[in-house]
Amino acid sequence: MPNLRAPRFAYISAMGRPAREIIRRRAAKLGAESYNLCHETSFKLMDDLQTDGFDAQMLRCSGLKTDAPDADARWIQLAPQSLWIHFVVRVGEDIIDMTRRQFFPYSGFPFVQSYSAFEAEWTKIIVPELRSYMAV
């Protein structure tokens, strides 16, 4: 069974069982690879949650402020952390990050944290215009 929060963190989510089950089902479909899959994975999770009536939104963040020396080497070679871009899903005050392991390989999976903790980790957070990511 996936761990819905990272070890060593005290955040307790108020997320109900139905939402947790949707997250677990989506997590079960993911393999061990998480590099550069955050957009696709977050979009699918958002869609799963919205289909079941949850007010979920995908967020685009950039400029990781938390030191990530164990991040996937491809990110480290690509650009400095201040230029990294990532996607997650927000449900209420919970942030669900299905691919956090690409930056923090020892984090819980899926990783759930408070919006305020998430906000402290990233320089910029926006709600992307989803149509701009989809082929017409």
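User: Which way does α1 cross α2, right-handed or left-handed?
Analyst: The crossing of α1 past α2 is right-handed. Keep in mind that this is a predicted model.
User: OK, and what's the angle between α1 and α2, and how far apart are their axes?
Analyst: The two helices α1 and α2 pack at about 145°, and 10 Å separates their axes.
User: Which residues make that contact?
Analyst: From α1 you have A19, I22, I23 and R26. On the α2 side, K44, L45, D48 and L49 take part. Sorted by type, the contact of α1 with α2 has five nonpolar residues, three charged ones and no polar ones.
User: Let's zoom in on I23. Is it buried or exposed?
Analyst: I23, which sits in helix α1, is buried, because its relative accessible area is 1%, and buried means under 20%.
User: What else does L49 touch, ignoring its neighbours within four places in sequence?
Analyst: L49 is in contact with A19, I22, F54, A56, V89 and V91.
User: New topic, the largest nonpolar core. How many residues does it have, and which touch the most other members?
Analyst: That core has 18 residues, and L45, L49, V89 and I96 are the ones touching the most other members. The elements giving two or more residues to it are α1, α2, β1 and β2. Another core lies apart from it, with 16 residues, among them W75, W84, V88 and F103.
User: What's going on at the hairpin of β2 and β3?
Analyst: Two residues lie between the strands there, and G92 has a positive phi near 65°.
User: Last one: which residues of β3 are buried on each side?
Analyst: D94 and I96 are buried on one side, and I95 and D97 are buried on the other, so both faces of β3 are covered. In a regular strand, side chains alternate between the two faces of the sheet.

How values were computed: Residues numbered from 1 in each chain as written. Predicted model: local features only at pLDDT ≥ 70, side-chain atom pairs only at ≥ 80, totals over all residues. Heavy atoms only, no water. Buried < 20%, exposed > 50% of the residue type's maximum accessible area, 1.4 Å probe, protein only. Helix = DSSP H or I, 4+ residues; strand = E, 2+ residues; numbered from the N terminus. Pairing = 2+ DSSP bridges. Core = buried A, V, L, I, M, F, W, Y, C linked by side-chain atoms within 4.5 Å. Contact = heavy atoms within 4.5 Å. Axes fitted to C-alpha atoms, helices over the stretch in contact; angles between N-to-C directions. Left-handed = near helix turned anticlockwise from the far one by under 90°. Nonpolar A, V, L, I, M, F, W, Y, C, P; charged D, E, K, R; others polar.
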